[in-house]
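Trainee: I would like to take a close look at a single part of this model, and then hear how you would describe the surroundings of that part.

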Amino acid sequence: MANYYSDHPEIGFHLNHPLMERIVELKEKGYEDKTKYEDAPVNYDDAIENYKAILDITGDVAANIIEPNSEDVDLEGPHLENGRMIYASKTFENLDATRKAGLHGISMPRRYGGLNLPNTVFSMLSEVISAADAGFQNIWSLQSCIDTLYEFGNEEQRQKYIPRICAGETMSMDLTEPDAGSDLQRVMLKATYDEKEQCWRLNGVKRFITNGDSDIHLVLARSEEGTKDGRGLSMFIYDKRDGGVNVRHIEHKLGIHGSPTCELTYKNAKAYLCGDRKLGLIKYVMALMNGARLGIAAQSVGVEQEAYNEGLAYAKERQQFGEKIINFPAVYDMLSRMKAKLDAGRSLLYMTARYVDIYKALEDIERDRKLTAEEKQELKKYKRLADAFTPMAKGMNSEYANQNAYDAISIHGGSGFIMEYKSQRLFRDARIFSIYEGTTQLQVVAAIRYITNGTLLGIIKEMCENLICGEAVAPLKARVAKLIPIYEDALNYVKSLDNQDAHDFLARRLYDMTCELVMSLLILDDANHAPQLFLKSANVYVRMTEEDVCGKSAYIMNFKTEDLDSFKAAE
């Protein structure tokens, strides 16, 4: 029987990383739950076995329930009835299966009914479910919104809402509006305090809300009258049981049809403040978005994997000119690049998730006691790494998902353009990944300060210096090492251009080069530890990086600020 986890040992490999021991120790707080809860691990090995068991269950549900339902969900989609969103019928089956399998409340402490799993494992679960159906992964993974309520809500709110999410209720984050997409400072949904009822009332419209008719919403709204910027925005909790919010429209989208994207009308809807006033955008949405971006990176890796699977299976079967097309250089070049992007992108995803796990676990511990000086330094280090790596993981994997899905269609030829083949659905689903939760261009904006201030250059140099290579990997490391000064020269040249438009114009090229060097070093380290899984991909990915770094460097080094005029559209 198929299993979307155990069929791909590359996923489980990432549970073996040395940082996992520290992550488990912090997440389990010294295994304090072992005497309180039957399912709590007693030591590190027990925790890892528990993670593997949950991943195996998820792999089974994904392969044998969610994936077989995916075509019907894509064809039917959600629909609107009397102001309510109704999921596709097979989506209800998927939700029922994940609830019965206990796959909700993933990250929440056991005292609220959660599983207390680290983000790294949650990302693995997200990848597996996305490979089966990226649209359903959206619905299921939005349970991670509860992390923001856990971090910033009060204990009464935690007691009220978290057990419901752990039991399988759904969530959404209601941020964007018709006139406020990426520019969330323009949000105008109005929040006014109701003195009589001791609650807030929300009025206005939200648009492009994923899973918008969910049970519990986190809502960004303007609480400070007369303000027009982010300092007037607060975060609120809206419970569907209280009424006041209707679905006005469900978007008809290119892909991820199973994931309802709704336009909502708020009419005097009762809500409660989450955290402090005025910090909705400045603090809480940033926490929400960072988690969502890592979720999209995991979603992207799942589709990268499935697109590769579809392309490989077709190439093995399809015969042209008396030969299987997998033996054609043009085809196996595409497949090898698809696999290299998948393996390198996955490595970046899970390294980022590990960085997030450490600093988030330390922040959680800090709620109970003061951190030691060493712990404070550890928190600062890993938060900085997570902030630098998250926009790389989201941006690059969302682009790779699009590229792999495109190549899967190319391998299928004319059949790939026919609706009966899965590759067309993967292509349609993937297109949104580099748009929502911040376009790739916005990921560049988020990462560029870590590039231009030398943080990521320093990380690249440190990674290269610390990479101990076996005989098979050493020549590949030497090739990457030669690229670092080429990259550094390009970086310094861009910094020397005293022109902000030039910096912005060249930022994407610097971003790509940075990400590819980081991923090259990550995949080389993976190949050192598991050459049978990763050596081929490491060889291909290093060649791709050479091609790209040298090409982009040549472009940058020959660029002059006066060249900008030639790129501007005719007026």
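Leaving aside its neighbours within four places in sequence, which residues is Tyr-51 in contact with?

Mentor: Bearing in mind that this is a predicted model, Tyr-51 is in contact with Leu-15, Met-20, Val-24, Leu-117, Pro-118 and Val-121 once its neighbours within four places in sequence are set aside. A second, separate core of 32 residues also exists, and Tyr-112, Ile-165, Ala-180 and Met-289 are among its members. Tyr-51 itself belongs to the largest nonpolar core, which has 136 residues, and together with Leu-202 and Phe-389 it touches the most other members of that core.

Met-351 lies in helix 10, which spans residues 329-366, and it counts as buried because its relative accessibility is 9%, under the 20% cut-off.

Turning to the strands, strand 5 covers residues 199-210 and pairs in the antiparallel sense with strand 4, residues 190-194, over five bridges, with Tyr-193 standing opposite Trp-200 in strand 5. These two strands, strand 4 and strand 5, form a hairpin with four residues between them, and in the turn Gln-198 has a positive phi of about 55°. Strand 5 is also joined by eight bridges to strand 9, residues 261-273, with which it runs antiparallel, and there Gly-204 stands opposite Tyr-266 in strand 9.

Note on methods. Residues numbered from 1 in each chain as written. Predicted model: local features only at pLDDT ≥ 70, side-chain atom pairs only at ≥ 80, totals over all residues. Heavy atoms only, no water. Pairing = 2+ DSSP bridges. Core = buried A, V, L, I, M, F, W, Y, C linked by side-chain atoms within 4.5 Å. Buried < 20%, exposed > 50% of the residue type's maximum accessible area, 1.4 Å probe, protein only. Contact = heavy atoms within 4.5 Å.
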